[in-house]
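Let's take a walk through this one together. Keep the viewer open and follow along.

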Amino acid sequence: MRGAVPKPPAVPQPLRDDDPREVAGYPLLARIGQGGMGTVYLSRTRGGQPVALKLIRAEYTRGPQGPAFRERFAREVATARRVFGYHLVPVVDHDAAAELPWLATHYVPGLPLDDALRDHGPLPVPAALRLAACAAHALAAVHTAGVIHRDVKPGNILLASDGPWLLDFGIARAAGAATITTVGRLVGTPRHMSPEHALGRTVTPASDVFTLGLVIAEAACGHHPYGRGNGLAIAARIAGTDREPPALDDVPEPLRTIAAHCLAPRPEDRPTAAETARLCEAEAATPRPLRDFTGWLPAPVAEDVRRIEAAASRPPGAGVPLAEAETVRAVPPTAPLTVRDEEWSRRVRRAP
């Protein structure tokens, strides 16, 4: 956003006095972020791999809604653990029965796309094309596992030195399962919903492809193709996209063509995620492979990523580099087996 003072990149921060120091044997080394459902901490597996551990807020597990939340959380995380693939941040451990439920994912020292767009503007076409291709590959893996992500948005895509990563399966659901809603609202982000999702109709993998189209357009031109306004106002415009299509004039080619295919009003007219990835590769007007991430980020974004990497390599307050920090010491009897090095190599994939 021009004229605004950029916020510092989302680097790991020291633990606060009221933060726990360990969860289920995982030593907490730093705070990564905080959201509506809980706080995310940097930790390590017993194999020494960095993880992002999300600890759910106590209010979700208390009162009459607590048992239903735990059941839903357990179901959703079990679904998420079926999913792994190309540039997809996997869930590697969890415990829904703990006093405070938690889940752990692979940690990626990257800058969220929404922060990059806010602070530095749209991505250059080559970078946006790489993002589109990798996010489409990641969604193809999600859909192959029978899962619908349901919350594809710039905040759930990380820009890292080794490419873009899709994350957050906190509200993903198994294809064909009952719709998961909260009281009085749909699950998801109104600004990043498909028309059928905004209208309360059946959501399919094609819904994720539509929201991918929104992300592609935003990454390439810096603003939402359905204009400004609050989330519900934008969701209403999306719901009426068959009458008023998105404004893609500011999206440079070939990304405009790719986004237009993804943003088709009818789900059956959209390409699959795998077809979208192939379309990105076909539209690339460079001999350099889209999976080559050498210097792929513009300099200001790359500098923010370097700051995050540096902070993560020596967590604030940990006293030692991450490579020498404590690893998980014990596995609670209610938790699945903590991920080992061989499973890590299988689940955290950097190539199709």
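Start with proline 246, which touches Pro225, Tyr226, Thr241 and Leu263, leaving aside residues up to four places away in sequence; contact here means heavy atoms within 4.5 Å. Before going further, some ground rules: this is a predicted model, where local features need pLDDT of at least 70, side-chain atom pairs count only at pLDDT 80 or more, and totals for chains, interfaces and linings use all residues. Residues are numbered from 1 along each chain as its sequence is written, and side-chain values use heavy atoms, with hydrogens and water left out.

Back to proline 246: you'll find it in the loop between helix 6 (231–239) and helix 7 (255–262). Helices (H or I, at least four residues) and strands (E, at least two) are DSSP runs numbered from the N terminus. Proline 246 has 16% relative accessibility, so it counts as buried; the cut-offs are under 20% relative accessible area for buried, over 50% for exposed and partly exposed in between, with a 1.4 Å probe and protein chains only.

Now for the nonpolar cores, meaning sets of buried Ala, Val, Leu, Ile, Met, Phe, Trp, Tyr and Cys residues joined through side-chain atoms within 4.5 Å. The largest has 68 residues, and Leu113, Leu123, Leu159 and Leu255 touch the most other members. Helix 3 (residues 125–144) is the top contributor to this core, giving 14 residues. A second, separate core has twelve residues, including Val23, Tyr41, Val92 and Ala98. As a rule, nonpolar side chains in soluble globular proteins tend to be buried together.

Leucine 113 is worth a click: not counting residues up to four places away in sequence, its contacts are Leu123, Leu131, Pro154, Ile157, Leu159, Val215 and Ala219.

Strand 10 (residues 157–160) pairs with strand 11 in the antiparallel sense over four bridges, and two strands pair if DSSP finds at least two bridges between them. The sheet is open, with three strands in the order 8-10-11 and antiparallel pairing. Strand 8 (111–112) and strand 11 (163–166) are at the edges with a single partner strand each, so one side of each has no neighbour in the sheet.
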